[in-house]
Amino acid sequence: MELGMVGLGKMGANMTVRLVKGGHRVVGFARANPAVDAVVQQGAEGAHSLAELVQKLAAPRVIWLMIPSGDPVDQTLEQLHPLLTPGDLIVDGGNSYYKDSVRRAALVSTWGFRYVDAGTSGGIWGLTEGYSMMVGGADEDVARIRPILETLAPAPDQGWGHMGPVGAGHFVKMVHNGIEYGMMQSLAEGFAILQGKTEYALDLHQVALVWRYGSVVRSWLLELTESALADNPTLKGIEPWVADSGEGRWTVTEAMDLNIPAPIITLALQQRLRSREEDPFAERLLAMMRNKFGGHDVKRET
């Protein structure tokens, strides 16, 4: 099968290479020429514009987007509009908000195009381990890209599934990432407690290694934690600044809209926000409140 891959960051490039190794013809495009050259060296074909990419594919085409969510997706769709022909299929494999995917599918249908949303998990490890893909779209559209999904997944019958209509794939991926926030926060807090018990001088890497086998908390995240602690046991040089890419926020908002309590995911998101405060006003105000009502000492900056 052939397809065009738009976006050749680490994940898009690795997906391209996996598809090429699986026997598919892939034409890759990115704004940066070195990214295109890199996948060409791995067996893909390169394009240095969207028009060139479309021209190199036979209709009906499949165009797979691996680009940042938000405006970049909308802008790319507008650029593709005059280039594609009715019946062409666009797959958004990034982390788009599911309501945006529903809106975009309705828009491109008026242009005569098909639309599938594919929430994709696996990161830079997907090249060797395969990707977990949560797919939303019409039955016939998902069936059309099935060979691609079976190649990208860990196995043809593992790690991917048709979640439902357009939007369902990105909705499931959104909640997946919200759960990820909670799992990561729990591991981080647990290891912080272990590290704080100084009289035991615990080897945190050893603990993680023990837990990886037979433990009820064993997981891929724990494997990555063990690897990180092996490389840098004290995490020297790492700033306590944690980004969020949007899915956790969307999950918390959805939980509130559905009146479903999600305290762990919500608190994990709040902790990430707190990690980025260089001048935490709230804590300063708390200190002053204690001083006002109880005369408690305030620690002054030096």
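**Entry 1: charges and rings.** Over the ring of which residue does the charged end of K197 sit? I looked it up, bearing in mind that this is a predicted model. The ring belongs to Y200, and the charged end of K197 is 5.8 Å from its centre. I then turned to R276, which lies over the face of W241. Here I noted 5.4 Å from the ring centre.

**Entry 2: the whole chain.** Next I stepped back for an overview. I found 14 helices and eight strands in the protein chain. Its C-alpha trace spans about 75 × 40 × 35 Å along the principal axes. The chain has 302 residues, and 41% of them count as buried. I also checked contacts between residues at least 6 apart in sequence: 65% of these join residues at least 24 apart.

**Entry 3: aromatic pairs.** How many aromatic pairs does a search of the whole structure find? I wrote down five. One of them is Y97 with Y98, an edge-to-face pair with 5.3 Å from centre to centre and 75 degrees between the planes. Are these two residues buried or exposed? Y97 has a relative accessible area of 16%, so I put it down as buried. Y98 is buried too, at 14%.

I went on to the rings of W111 and F113. Their planes are at 75 degrees and their centres 6.0 Å apart, so I marked this pair as edge-to-face. W111 counts as buried because its relative accessibility is 16%. F113 also counts as buried, with 3%.

One more note on rings: Y97 and Y98 belong to a cluster, in which ring pairs link them with F171 and W250.

**Entry 4: two helices.** My last stop was helix α9, residues 168-196, and helix α13, residues 263-275. Two packed helices are described by the distance between their axes and the angle between them, so I looked for both values. The axes of α9 and α13 come within 8 Å and cross at roughly 70 degrees. Angles of 65 to 115 degrees count as roughly perpendicular, and α9 and α13 are therefore roughly perpendicular to each other.

Which residues make the contact? From α9 I listed G178, I179, Y181, G182, M184 and Q185. From α13 I listed I264, I265, A268, L269, Q271 and R272. I sorted the residues of this contact by type and got seven nonpolar, four polar and one charged.

Conventions
Residues are numbered from 1 along each chain as its sequence is written. This is a predicted model: local features need pLDDT of at least 70, side-chain atom pairs count only at pLDDT 80 or more; totals for chains, interfaces and linings use all residues. Side-chain values use heavy atoms; hydrogens and water are left out. Axes are lines fitted to C-alpha atoms, for helices over the stretch in contact, and angles run from 0 to 180 degrees between N-to-C directions. Helices (H or I, at least four residues) and strands (E, at least two) are DSSP runs, numbered from the N terminus. Angles under 35 degrees count as roughly parallel, over 145 as roughly antiparallel, 65 to 115 as roughly perpendicular and the rest as oblique. Contact means heavy atoms within 4.5 Å. Ala, Val, Leu, Ile, Met, Phe, Trp, Tyr, Cys and Pro count as nonpolar, Asp, Glu, Lys and Arg as charged, and the others, Gly among them, as polar. Rings of Phe, Tyr and Trp (its six-membered ring) pair if their centres lie within 6.5 Å; planes under 30 degrees apart count as stacked, over 60 as edge-to-face and the rest as tilted. Buried means under 20% relative accessible area, exposed over 50%, partly exposed in between (1.4 Å probe, protein chains only). A charge sits over a ring if NZ of Lys or CZ of Arg is within 6 Å of the ring centre and within 35 degrees of the ring normal.
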